[in-house]
Each structure stands twice: as structure tokens, then as C-alpha cells.
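Hi there,

Here is the structure I promised to pass on. Have a look through it first, and then read my notes below.

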Amino acid sequence: MQQIRVRGARTHNLKNLSLDLPRERLIVVTGLSGSGKSSLTFDTLYAEGQRRYVESLSAYARQFLATMDKPDVDSIEGLSPAIAIEQKASSHNPRSTVGTVTEIYDYLRLLYARAGTPRCPDHGIDLAAQTVSQMVDQVLRLPEGTAAALLAPVVAQRKGEHLELLEDLGAQGFVRVRIDGRICELDALPALDGKKKHDIEVVVDRMRVRPDAAQRLSESFETALRLSGGLAQLVFLESEEREPLTFSSRHACPVCGYSVPPLEPKLFSFNNPSGACPGCDGLGVEEFFDPQRVVLHPHLSLAGGAVRGWDRRNDHYFHLIQSLAKHYGFDIEAPWTELPEHVRHVLLYGSGTEAIEFSDRAEAGRRTRRRHPFEGILPNLTRRYRETSSPMVREELARYLSLRPCPDCQGTRLNRAARFVFVAERSLPEVAHLTVGRALEFLRGLNVAGWRGEVAARIVKGMIERLAFLADVGLEYLTLDRSAETLSGGESQRIRLASQVGSGLTGVMYILDEPSIGLHQRDNRRLLATLKQLRDLGNTVIVVEHDEEAIREADHVVDLGPGAGAHGGHLVAEGTPGEIEAAPASITGQYLSGRRRIEVPTLRIRPAADRQIRIVGARGNNLRNVTAELPLGLLTCVTGVSGSGKSTLVVDTLFGHAAARLNGARIEAAPCERIEGLEQIDRVIDIDQSPIGRTPRSNPATYTGLFAPLRELFAAVPEARARGYDAGRFSFNVKGGRCEACQGDGVIRVEMHFLPDVYVPCDVCKGQRYNRETLEIRYRGKNIHEVLELTVEEALRFFQNIPAAAGKLQTLADVGLSYVRLGQNATTLSGGEAQRVKLSRELAKRATGRTLYILDEPTTGLHFHDVEQLLRVLHRLRDEGNSIVVIEHNLDVIKTADWVIDLGPEGGEGGGEIIAAGTPETIASNARSYTGAYLSPLLARDGVRRAVGA
């Protein structure tokens with residue numbers, strides 16, 4: 001069958017939709033936000049594909065998987081196995097990196113294990129094989145009379161009882177073994193737990209070092225090396241804390257005897273005890289009490305509360321401070337910043353060995369005097385944090401913790417042995433710190449001599465392929481050791497896309513959710529080439545997308561609509577991009593053909609020289625000492641290719657410092673010399689795409705503050721007043737009115753152990769969240785559950801005469817969320833929808849006219865028509881005197897901005913400088929700007945009117 005036939009799809013808002021999709025083609029599904037695109041692609045096609053796959057498994061396998069509901073569709077024919085690549089953050093695991101997620105790090109570990117050369121960290125000498133004579137000489141150099149035991153490792157971190165091995169050792173005449181660090185006799189062995197990992201070493205010889213013991217040592221070493229396959233260990237019996245000596249007939253330093261275990265891939269894994277840095281357990285960072293967080297108010301004095309908990313209100317600690325002031329002669333009423341440097345150091349880190357006389361109040365008012373060194377504020381906090389058993393104390397102290405690179409491994413996550421293995425004069429952490437583009441250059445030029453070169457060639461080939469796929473989807477600026485937690489949804493999605501291209505599967509139906517998110521126009525073409533490559537392998541590629549270039553490049557386009565929510569779910573047009581353009585009913589076609597367009601403003605507001613924020617010397621991440629001027633009272637767009645430093649400049653630097661100064665937020669801001677002009681604004685708000693809540697309790701009604709007036713309305717109903725119900729009765733967060741079986745969630749979480757948790761509707765309230773008595777209270781014929789099930793559009797009509805509710809509902813409608821239900825779980829909202837809910841909450845607040853709004857790609861998930869609606873909202877905020885800074889790639893937003901700052905020229909190491917700043921016309925005329933190259937034809941096409949006014 002050459003088509004996927006869908007008949008009678010009614011999932012969510014789909015209106016009995018029937019359509020035929022060509023197989024092995026690139027299909028773009030487009031339409032307004034809420035028109036039913038995800039309902040068709042993910043909730044119908046993908047869900048049915050997954051359900052059929054699960055049903056093909058055995059009954060035994062199915063018991064471990066969630067039962068998947070059949071989508072509301074009459075029939076789907078010609079369905080292939082389905083793989084969904086969604087735009088969600090890939091991992092919240094601090095151990096996940098770009099390298100581990102893409103499996104490139106696994107190849108690297110194999111390369112270093114098979115072709116790496118270990119090197120002595122102290123002498124820089126490549127480790128060579130040790131002979132038995134060299135081992136004996138090294139032992140004889142120890143002080144005479146040293147008591148030691150020579151061990152042969154036979155089991156390393158392996159599960160099991162190992163009975164057969166131990167019996168065999170006894171038969172060979174050995175008397176003792178060391179099990180998990182304890183020496184035992186073979187005829188009195190402890191029972192080993194077969195489910196735990198064990199270390200077993202045979203005690204080959206016990207001796208005191210003497211000059212005449214060379215022959216005995218030689219024979220013992222030969223026995224140990226034969227038993228263990230080339231390894232021997234000398235442990236010191238009278239000083240167990242002393243580091244044992246490791247000998248290897250393969251690798252050891254001839255000067256100091258430093259040796260490493262045989263090179264295995266697990267030695268280079270920071271998720272394995274064999275390779276992880278012991279200081280940070282492979283995380284690469286450690287927690288520490290940060291002086292900047294501890295000294296919360298440096299402008300205050302110690303007595304006035306510069307350090308919380310060490311002021312007048314805490315009698316014990318304040319007496320310590322007074323004794324210190326007397327000893328060192330400083331004023332406890334002086335601001336912290338004016339105290340001498342050495343005094344501040346003693347206060348924070350302690351007096352070392354210097355004893356100080358402390359006076360403290362004992363019982364019955366008497367004073368006691370003692371002399372002892374001062375512990376220091378930071379060591380005191382560290383000790384209390386480590387020793388306390390109170391969760392509340394730990395939570396309070398944790399507020400003063402920050403993260404810093406581990407001092408043992410310098411953030412590389414690996415132990416000393418793994419860090420000193422080299423391939424082509426580079427260690428594994430050095431290669432992992434390269435960007436994808438640089439790593440490609442290194443591996444393509446890699447030339448390893450001898451037998452190692454033959455082994456390396458095959459491993460390197462696999463790595464180059466995977467890295468090339470990452471570069472093809474515009475991710476060459478990412479470093480391999482970058483934490484997966486810091487990736488945006490779009491970056492995570494493109495990483496998974498690159499992995500799928502590398503897998504080489506055919507006959508699969510791939511469904512992608514806006515893969516162009518966060519991608520500059522320059523990189524879009526490469527992404528589309530990757531999608532076509534997937535198609536050419538013999539796959540059906542279905543993409544939910546709003547990008548104009550993606551729509552034009554598609555083989556087949558499906559346009560849903562005509563409106564959002566209840567007004568959507570119909571097939572407006574389908575066919576080639578040309579047929580969509582010609583369809584009169586298609587809003588998408590009207591924008592593609594130019595019959596409708598987002599107009600360029602006839603007048604741009606000129607920036608005022610005395611109203612601007614000036615960021616001086618920004619150096620975060622890849623920024624190169626950048627100085628940027630952001631005009632206030634305007635809509636400013638910050639653009640540039642992916643990885644050029646936009647988020648670092650705007651979010652990490654500007655928002656970080658402004659939030660700390662204006663809002664008192666405790667945010668780790670990126671470094672810069674200074675920021676001028678912040679006194680001209682009274683607050684700063686970062687409207688990002690993080691979820692508005694992570695549980696089913698969060699929803700648009702609770703987040704925007706709409707739920708409070710709704711509950712008060714229900715509490716004012718005569719029946720509710722007669723029963724004595726207050727507003728709290730209609731909250732699903734407190735006991736009383738909620739269903740206690742699900743505690744007001746409406747769903748019950750089922751833990752699936754090794755699978756994601758599954759939420760199933762509550763059997764008692766049937767998902768309605770409230771108990772029967774609460775649901776009997778009705779306002780204009782609807783109970784509280786039915787009100788929460790209304791869409792914003794329906795609720796606006798229902799509550800049009802209630803100003804407290806209508807105002808908030810109107811702002812939700814203004815940002816294009818008229819199709820969202822009031823009680824819709826926050827976990828089901830996309831990143832773009834969550835961002836617009838936050839924007840609507842800000843719109844509903846009383847405007848001060850001095851607010852700085854920061855938005856990161858607000859057009860995510862928006863159709864051309866929705867973008868036009870969003871721009872009206874942003875211009876409305878600007879016209880009230882506020883300042884808006886938007887990080888954006890969408891050309892329609894950039895062309896309507898008052899001011900544009902373009903970063904680049906490339907991503908990663910090749911970016912971090914300002915290429916151009918000015919009006920969109922200024923950017924378009926700049927030859928170095930990639931943004932300008934794409935903006936120029938758009939401005940020309942839309943008939944730009946270049947009047948610049950005040």
C-alpha cells in the first residue's frame with residue numbers, strides 16, 4: 001500500500017477527519033495553534049502505531065507496559081512502525097552529556113581503551129611493561145623490615161559466591177585470600193552474597209623486606225602474575241592506610257613505578273567506579289558554601305545582618321563575633337565591604353592555628369572564657385550541613401550552596417589514571433571538551449602509528465559518521481561534555497534526529513514536532529536535507545511545522561483549521577505547497593502566496609540616547625568581552641546563528657545581574673565588568689518556556705490567578721452559603737471539597753519502576769477532582785469541574801459580566817490561547833504554550849511602564865497568524881512604556897522590531913561578538929550578517945517604508 005489511510009479521526013478536537021497520506025514522502029502538517037496538528041500526528045497516528053506494536057508482544061512482555069488506549073478513529077490502514085521525536089528536554093540526569101546521549105562517548109572510551117597510551121602523571125613517561133626483575137628491585141628499595149603481602153587480583157568487582165574459584169585456589173596450595181579488603185583463611189571463609197560485587201585477591205606471599213629476599217620475591221611475583229594475568233599488588237600490613245603498590249607486566253613508570261590497570265572501556269566511564277573521580281563520584285562538580293551567598297548583604301555590618309544567623313539576633317554566634325572584633329581590632333558596626341581583607345578571610349575561613357580568647361554567657365549569667373582557634377563561618381556551615389539529621393536545617397543551609405568544578409579532576413569527571421591516557425597527544429577529557437565541529441577535524445586528521453592505528457581506524461569511522469550527522473542538523477557548536485540538562489528542547493530533538501539518521505532504519509514512520517525550533521535560517525536548509533535523507537532511506541517523515549521554508553520544501557502539506565480549539569479539527573487543504581497557496585480557504589496558503597502578510601511598521605521608534613542599558617565586558621561562555629547597548633522603551637530583537645551567545649548575553653548576563661539587583665534573586669549570573677542603566681527600570685521578568693508546573697495540580701487557571709475569583713463566585717452561590725462552604729471548599733489542593741481518593745489530582749500515579757510513571761483516571765471521582773457534595777453546587781448551571789473543562793474562549797463568553805475573571809481570560813485569548821482549557825494539566829502544555837500563559841499573567845498585572853521583559857523564542861509553536869497576534873501583544877506592552885528584549889530567529893518578528901542586535905558570525909568558538917546593531921534595515925545591509933542576508937529579501941518583498949521617527 002502506497003498510502004496511509006486515516007478514516008474518521010475524532011481524537012480531541014478532530015472533526016471526523018479522513019485523509020490519505022503518501023508513504024515514503026516528507027509530509028508537513030501545519031495550521032493555527034490548537035487546530036489539531038498534534039492530535040492527528042502524535043495522538044492518532046503515533047499512538048495507534050505504538051499500540052499495535054505493544055499488542056504484537058507476548059502477554060508476559062505486555063504486563064510490564066502501560067495499556068495504551070485506542071485513539072478515537074474508525075480505521076488506519078498502511079501504518080508503519082512509528083518513532084516520535086518530540087521537542088522535550090532529553091534528560092534531567094546530571095550524568096548525561098551530549099557525548100553519552102549520542103553514544104559518541106562510548107566510541108571514545110573504546111578508542112582510548114584499545115589505542116590509548118598511558119602516561120605517568122608525574123614524569124610524563126609513556127608506561128611500558130615491567131619485568132619481574134624491575135618489580136623485585138622496586139620492592140627491595142622499600143625500608144628494610146617493612147611488613148607486606150603480595151597479592152594476585154583474580155576477581156574485580158564481579159557478582160557471585162565464587163565457590164568454585166576459591167576451592168580451586170585451595171587445591172593449588174594457597175592458604176589465604178583477601179576478600180573486599182579483609183584477609184581471610186581459605187578454610188574459614190565468610191559466606192559471600194551472590195548479589196553483590198566482590199574483589200578477591202590471592203595472598204601469594206607475606207614477608208618483611210630484606211636485601212636477601214630477591215629470589216623469594218622473584219618466584220612470588222611470577223606466581224602472582226601467572227594467577228592474575230599480569231597484575232600484582234603489594235599491600236602494607238602494618239600501615240593499611242598507605243596506598244598499595246600496583247605492578248603490571250604491561251604498563252608501569254620506570255622512575256616511580258606508577259602503573260595502571262589494563263585499559264578497558266570502563267576505566268574511561270565516569271558512571272563506573274573504575275573510572276569516576278573519587279572526589280566528585282563522576283559528576284565533575286562539588287557543592288560548597290559560597291561566600292557570595294553566605295554574605296547576603298555586604299553593604300550591611302556584621303551586627304546589622306551582613307551574614308544571616310551571625311548577627312545580634314543569634315546570641316551565641318554574635319558573642320563569637322564580638323570576641324573576634326576585640327582580638328583583631330575591627331568594628332562590628334562597619335559595613336562588611338569596609339572590613340580589612342585579612343579580617344574577612346579569618347571570619348569566613350577561620351583563624352587556623354591561632355588561638356583566640358572567647359567569652360560566652362553561661363548559666364546563671366556568669367561568663368566563661370576559653371581560648372581556641374576560630375572555626376570560620378564557612379567550615380561551621382559545612383560541618384553543620386554534614387552532621388545534622390534535621391531535613392529543615394539541611395534545607396535552610398542548602399540555600400547557601402553553589403557548585404564549582406571538582407578540585408581533584410578539574411571538572412573532567414574522570415580519575416587520575418583515566419586522565420593520563422593519550423591518543424595523538426590528546427587525553428579523553430580534552431577530546432570531550434571539543435565542539436562537534438572541532439572533534440570532526442581532530443578525528444579526520446587522526447593518524448595513529450602501528451597496530452594501534454589499525455584498531456583505531458574502525459572505531460574512528462563510526463564516530464565521524466555520528467559527528468557528521470550532528471553537524472548536519474546545525475549542532476556543530478555543542479561540546480561533547482556539555483550536560484544534557486542545559487540543552488533546549490529543539491537541540492535535544494535534533495540530537496535524537498541525528499541518532500535516527502545514523503541508525504539507517506527503513507520503512508519507518510517518523511513523526512517530528514517542530515525540529516526547526518532554535519535554528520537560524522542559515523542552518524534550516526541543512527536540517528531539511530537531513531529530513532530528506534531520512535525520507536530517501538525509504539521512510540515516511542511527518543513533521544509538525546510552521547516554518548515557511550519547510551512547508552515549501554515538503555512533498556505533501558496537510559493544513560488543518562480553520563481556527564483553533566473547537567473551531568479547528570477540519571482538513572482545510574492538502575497537496576503540494578503550490579496547491580496550498582492556491583487554496584482560498586487556507587490561512588497558511590494566504591501567507592505563503594503573499595495575499596496576507598505581517599506588515600513592516602511604517603514608523604520605527606528612534607532609541608533615546610539617555611534611555612538605554614549598557615552591558616560592558618560580557619565574558620560568559622563564548623562571549624568575547626562584548627559591550628552591548630539595549631535601548632529602553634523599544635522592542636529589541638537579539639539574533640544570530642545557533643550557539644552564537646544570544647542566551648548567554650540576554651538571559652545569563654542581563655537577566656542574571658538585573659534580577660539579582662532589582663528582584664533580590666539569587667541567580668548565578670554570567671561574568672561581566674558592569675551593567676549601566678538598571679536604575680531606569682523597576683523590575684525584570686524572564687518569560688521562558690519552562691513548565692508552569694510539573695504536577696497535574698498546576699493549570700492555566702491556577703497559574704494566572706483566575707482560579708481565586710472563580711472559587712469566590714461558587715462560594716457566593718446561595719446553596720453554598722446555606723451549606724457553609726467557603727472558597728477553600730472549591731480548591732482541589734486542600735481537604736474538604738476535593739476527592740480524597742486521588743487528593744484532588746483527578747488521576748492516580750502508577751509507578752512503573754523501569755518505565756516512566758503512568759497516570760490513570762481516579763475511579764472514585766472519574767477524573768473530576770472534587771467529591772459529590774462539592775459538585776452539587778452550580779453557578780449558572782455548571783459545577784466547578786465543568787467550568788474548569790471550558791476553553792478560554794467559552795469561559796470568556798460565560799464570565800463576560802464578571803470583571804475579575806473576564807480581564808484575565810481576555811489576556812489569555814490575546815496571546816492566542818483561546819483553545820486551551822482552564823483546568824488543562826500543566827504537564828500537557830508545550831513549551832510555547834507555557835510561555836504564553838506566563839505572558840498573559842504579566843499582561844493582566846497593572847503596568848508600571850518601567851518593566852524589562854525578556855522572552856526566549858516566543859514564536860515557538862506559532863503559525864503565521866498566531867505570530868501576528870503575539871506581535872500585537874508585544875507592541876502593546878512596548879506602547880505602555882515597557883522594554884522588551886526577544887531572542888528570536890523568526891524573520892517576521894525581526895522585521896517588526898525597533899532595534900536588532902546580531903551576534904555571530906558563527907556558533908560556539910566562532911561566535912560571541914556583535915556583528916551589527918541597529919534597525920532591521922541596518923542589519924539587512926550588513927554584508928557580514930547571516931541574519932541580514934535572509935532579512936534583506938523579506939524587507940524588499942514587503943515594501944519597506946523606512947520612515948524613522950521618535
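**Helix H4**

Helix H4 covers residues 104-115, and its 12 residues should span 16 Å at 1.5 Å a residue; the C-alpha atoms at its ends are 16 Å apart, so the two agree. The expected span here is 1.5 Å times one less than the number of residues. Helices (H or I, at least four residues) and strands (E, at least two) are DSSP runs, numbered from the N terminus.

Before you go further: this is a predicted model, where local features need pLDDT of at least 70, side-chain atom pairs count only at pLDDT 80 or more, and totals for chains, interfaces and linings use all residues. Residues are numbered from 1 along each chain as its sequence is written, and side-chain values use heavy atoms, with hydrogens and water left out.

Which residues of H4 are buried? They are Ile-104, Tyr-105, Leu-108, Arg-109, Leu-111, Tyr-112, Ala-113 and Ala-115. Buried means under 20% relative accessible area, exposed means over 50%, and partly exposed is in between (1.4 Å probe, protein chains only). An α-helix has 3.6 residues a turn, so residues three or four places apart point the same way. Among the elements covering the buried residues of H4 are helix H3 (98-101), helix H14 (428-432) and helix H16 (450-472), where contact means heavy atoms within 4.5 Å.

**A sheet with a helix across it**

Now find the open sheet of three strands, in the order S25-S24-S27 with antiparallel pairing. Its edge strands, S25 (626-631) and S27 (674-676), each pair on one side only. Two strands pair if DSSP finds at least two bridges between them. S24 (residues 612-618) and S25 are joined by five bridges, and Ile-613 has Leu-630 in S25 as its bridge partner. Helix H22 (residues 646-663) lies across S24, S25 and S27, at about 115° to S24. For that angle, axes are lines fitted to C-alpha atoms, for helices over the stretch in contact, and angles run from 0 to 180 degrees between N-to-C directions.

Most residues other than glycine have a negative phi, and most peptide bonds are trans. Asn-16 has a positive phi near 50°; this residue sits in the loop between strands S1 (3-9) and S2 (17-22) and is partly exposed, at 46% relative accessibility. Gln-743 also has a positive phi, of about 55°.

As for cis peptide bonds, one joins Gly-561 and Pro-562, with omega about 0°. Another runs from Gly-904 to Pro-905, with omega near 0°.
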